[in-house]
Amino acid sequence: MAPLTCDFEVPCSIPPARLFKAFFLDDHLITKMLPQAIKSVEIVEGDGGVGSIKLITFGEGSPYKGLKQRVDGIDKDNFTFSHTILESDAFSDKIEKVANVIKIEASPDGGSICKTTRTCHLKRNTNEHIEGANQEIKAAKETSSAMFKAVEAYLIANPNVYN
């Protein structure tokens, strides 16, 4: 089946290195900041690096329980993080897995642009499956953007962390 791919960007006022450390190198920051969204992040296989499997449990505010993701790449020099969501009760019966590549680039104003490429692998290549996957991609884009903005607000309020 042909996967569906979408790209989106989120501007941020935080420089790339600091944002990358906070968002991708500390699994527990988001659980402290947004416990209603992410209750816990548990490494179930590996050491947290490439190849590791993480179990992410959603918070009480979510209609879903969680997801299992594999870390596919961490490039600390180029501020790139890639992972594949292998399982989630948020997936409809239309989605097999979702691969994400997030690159944080410097913006001209000293902040960042978080560029995400999301590739959704479908169980079947039918119009119904494509439409269902597109709706889930749209919801995931909104969630990702909100999480980046929450981390940005935290870092602005706490200028001495993740430097």
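Two strands are taken as paired if DSSP finds at least two bridges between them. On this basis, the predicted model contains an open sheet of 7 strands, arranged in the order 1-7-6-5-4-3-2 with antiparallel pairing. Strand 1 (4-12) and strand 2 (38-45) form the edges of the sheet, each pairing on one side only. On average, neighbouring strands of the sheet are turned by 25 degrees against each other, direction ignored.

Helix 1 (residues 16-25) lies across strand 1, strand 4 (66-75), strand 5 (80-88), strand 6 (95-106) and strand 7. The direction of helix 1 is at about 155 degrees to that of strand 6.

The largest nonpolar core comprises 36 residues, among which Leu19 and Val151 touch the most other members. Helix 3 (residues 127-157) gives the most to this core, contributing 6 residues. When neighbours within four places in sequence are left aside, the contacts of Val151 are Leu19, Ala22, Phe23, Leu29, Ile30 and Met33.

Helix 3 also features in the largest pocket, where it supplies 9 residues, the largest share of the lining. The space in this pocket amounts to about 1,100 Å³. In total, 43 residues line the largest pocket, and those nearest its centre are Phe58, Leu67, Thr143, Ser144 and Met147.

Notes
Residues numbered from 1 in each chain as written. Predicted model: local features only at pLDDT ≥ 70, side-chain atom pairs only at ≥ 80, totals over all residues. Heavy atoms only, no water. Helix = DSSP H or I, 4+ residues; strand = E, 2+ residues; numbered from the N terminus. Axes fitted to C-alpha atoms, helices over the stretch in contact; angles between N-to-C directions. Contact = heavy atoms within 4.5 Å. Core = buried A, V, L, I, M, F, W, Y, C linked by side-chain atoms within 4.5 Å. Buried < 20%, exposed > 50% of the residue type's maximum accessible area, 1.4 Å probe, protein only. 1 Å grid on protein atoms, 1.4 Å probe; cavity = no way out; pocket = protein on both sides within 12 Å on 5 of 7 lines; lining within 4 Å. Points joined across faces, edges and corners; volume = space filled by probe spheres on them.
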